[in-house]
Amino acid sequence: MRLDNLVNNLRQARTIGSTEIEITDIVHDSRQVKPGALFVALTGSRVDGHDYLEEAFRRGAVAALVQETRGMEGKGTWVVVEKTHEALETIAPIFFDHPGRKMRLIGVVGTNGKTTSTYMIKSILDSAGRRVGLIGTIQNMIGDRKLSTSNTTPGVLELQRLLAEMVEAGVEDVVMEVSSHAIALNRIADLVFSAGLFTNITQDHLDFHKTFEEYLRVKTSFFQNLAPEAVAVINQEDDHADFIMERTAAKTLTYGRHGSVDMLATDAAYTPQGTNCQVETPQGRTTMKIAMSGEFNLMNALGSLGIGLALGVELNTAVQALEALQGVPGRFQRVAGADDFGVIVDYAHTPDGLDNILQAAKALHPKRIITVFGCGGDRDRTKRPIMGGIAERYSDRIIITSDNPRSESPERIIQEIKDGLSPHSEYETLTDRREAIQRAIALAEKDDLVIIAGKGHETYQQFADRTIHFDDVEVAAEALEDKRHGRL
């Protein structure tokens with residue numbers, strides 16, 4: 001694309017040099033620059049792209065989108081704007097020819113349940129014969145092809161590039177986790193959603209949003225921006241459901257376990273193998289048996305079923321697709337290898353998430369619940385004692401450990417979790433997460449249930465000076481093997 005086709009869409013842009021040149025790509029990481037690229041100098045809290053302008057031109061950039069030239073004019077064409085982030089939001093969709101407008105987009109918004117819901121919706125749409133893309137926390141998918149991911153919702157440039165790749169692959173529907181960061185930072189610029197699912201909203205990301213009211217406002221804005229012809233599927237049991245529904249112009253479909261809702265689940269029974277229930281829908285009544293246990297998973301299934309029906313999938317087809325889904329990595333995932341007790345790994349890293357999985361564990365009626373968890377560093381500190389109190393409420397034994405400490409002291413994080421415990425709580429602390437998991441499995445006896453919470457699908461652990469490979473499922477499986485052979 002010629003550079004002037006992009007620049008002409010920017011307000012108050014000043015150019016130095018010719019804009020009648022071909023741009024082969026847009027990048028904001030100087031290491032990814034190839035000849036012909038437009039380099040965008042983004043400014044962040046830790047890195048300033050303007051520091052890498054010389055490297056970008058050395059690697060073959062023919063133009064730079066900047067907030068200041070720093071006296072380097074003459075190396076190529078310069079496009080000077082007030083805010084490069086906002087300019088990138090404008091030009092990225094144009095460069096990739098607005099790929100989001102060529103597919104049906106479904107956004108999943110909420111504090112918890114986004115990942116599981118996207119997998120459920122993808123399964124439903126797959127079963128209806130659609131070619132489906134998925135964008136989310138664990139991985140991105142184009143049909144059955146899996147791609148790695150680093151953010152719940154990619155940055156605007158990465159997202160537009162991924163959507164363009166999906167268009168090229170013939171994708172018809174894209175189901176996407178839409179994080180509050182993505183909404184606030186406008187990573188979803190230029191995207192028009194045909195449907196949105198609201199799972200819930202509870203305390204999270206207050207390190208970023210500062211107040212719960214702001215967090216709620218950001219989440220709600222997604223539904224405010226839905227067109228009247230779109231559909232919003234809303235968890236009626238969330239305390240903020242009415243607040244959101246009052247502010248959206250989209251058609252609404254409600255779901256829940258009680259009361260007057262469009263999608264109602266009744267007679268629910270939870271077992272280690274899954275959940276059975278009756279479902280009443282606008283298309284009729286049916287039974288449903290999913291391979292995931294817990295009321296929170298039933299709610300995820302109910303909301304996903306609502307999306308499927310709203311998008312024209314037949315009830316029986318949608319239910320069969322949900323029943324065929326065997327689970328989602330790191331979401332109430334059972335670890336194989338325990339002879340007479342259970343081990344569950346889950347991503348729960350918020351108060352509500354931990355409460356949900358421990359309630360689900362309690363509903364399975366184990367002899368004891370042994371909970372291993374920590375809290376992430378450089379994130380909302382106020383939730384730490386709250387999560388400590390939740391763990392105490394449901395657990396017979398607690399082992400407090402590290403999550404991703406990042407730049408914080410693991411010991412300080414653990415102390416702040418302990419502040420939420422009563423003096424009589426049955427707990428111990430082990431800063432090393434591997435040792436904590438081994439300890440929990442060593443303590444487990446017949447009919448106990450070990451819950452390892454916080455990291456779920458993650459395969460790394462972040463410290464101040466390094467990131468190491470760490471997979472809760474792998475570590476738990478190794479500990480089970482050691483216990484079976486008397487080494488634990």
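**Notebook: helix pairs, cores and loops**

I began with helix 15 and helix 16, whose crossing is right-handed. The model I am reading is a predicted one. I looked up the geometry of this pair: helix 15 (residues 433–443) and helix 16 (residues 472–484) pack at an angle of about 45 degrees, and their axes are 9 Å apart. Angles of 65 to 115 degrees count as roughly perpendicular and those under 35 degrees as roughly parallel, so I put helix 15 and helix 16 down as oblique to each other.

Next I listed the residues in this contact. Helix 15 contributes Arg433, Arg434, Ile437, Gln438, Ile441, Ala442 and Leu443. From helix 16 I have Asp472, Val475, Ala476, Glu478, Ala479, Leu480 and Lys483. Sorted by class, the contact of helix 15 with helix 16 holds eight nonpolar, five charged residues and one polar.

I then turned to helix 13 (residues 383–394) and helix 14 (residues 410–418). Their axes come within 6 Å and cross at roughly 55 degrees. The crossing of helix 13 and helix 14 is right-handed. On the helix 13 side I noted Arg384, Pro385 and Gly388, which meet Ile413, Glu416 and Ile417 in helix 14. The class count for the contact of helix 13 with helix 14 is three nonpolar, two charged residues and one polar.

I followed the chain into the loop between helix 14 and strand 21 (427–429), where I found Ser425. Buried means under 20% relative accessible area, so Ser425, at 12% relative accessibility, counts as buried. Setting aside residues up to four places away in sequence, I see Ser425 touching Glu392 and Ile398.

**Cores**

I looked up the largest nonpolar core, which has 41 residues. Those touching the most other members are Ile106, Ile121, Met288, Leu305, Ile307 and Leu322. Helix 10 (residues 295–310) supplies the largest share of this core, seven residues. A second, separate core has 33 residues, among them Leu105, Leu147, Leu163 and Phe193.

I checked the surroundings of Ile106, leaving aside neighbours within four places in sequence. Ile106 is in contact with Ile121, Leu125, Asp173, Val174, Val175, Met176, Phe193, Ala195, Ile307 and Leu311.

I went on to Phe193, in the loop between helix 6 (180–184) and strand 11 (195–198). Phe193 counts as buried because its relative accessibility is 6%. Not counting residues up to four places away in sequence, Phe193 touches Leu105, Ile106, Gly107, Met176, Val178, Ile188, Phe222, Leu226 and Ala230. I also took one distance: Phe193 and Asn151 are 20 Å apart in space, C-alpha to C-alpha, and 42 residues apart in sequence.

**Positive phi**

I looked for residues other than glycine with a positive phi and wrote down two. Asp190 has phi near 75 degrees, a positive value in a residue other than glycine. Asp190 sits in the loop between helix 6 and strand 11.

His365 is not a glycine either, yet has a positive phi of about 55 degrees. I located His365 in the loop between helix 12 (351–363) and strand 19 (369–373). Exposed means over 50%, so His365, with a relative accessible area of 70%, is exposed.

Note on methods
Residues are numbered from 1 along each chain as its sequence is written. This is a predicted model: local features need pLDDT of at least 70, side-chain atom pairs count only at pLDDT 80 or more; totals for chains, interfaces and linings use all residues. Side-chain values use heavy atoms; hydrogens and water are left out. A nonpolar core is a set of buried Ala, Val, Leu, Ile, Met, Phe, Trp, Tyr and Cys residues joined through side-chain atoms within 4.5 Å. Buried means under 20% relative accessible area, exposed over 50%, partly exposed in between (1.4 Å probe, protein chains only). Helices (H or I, at least four residues) and strands (E, at least two) are DSSP runs, numbered from the N terminus. Contact means heavy atoms within 4.5 Å. Axes are lines fitted to C-alpha atoms, for helices over the stretch in contact, and angles run from 0 to 180 degrees between N-to-C directions. A crossing is left-handed if the near helix is turned anticlockwise from the far one by less than a right angle, and right-handed if clockwise. Ala, Val, Leu, Ile, Met, Phe, Trp, Tyr, Cys and Pro count as nonpolar, Asp, Glu, Lys and Arg as charged, and the others, Gly among them, as polar. Angles under 35 degrees count as roughly parallel, over 145 as roughly antiparallel, 65 to 115 as roughly perpendicular and the rest as oblique.
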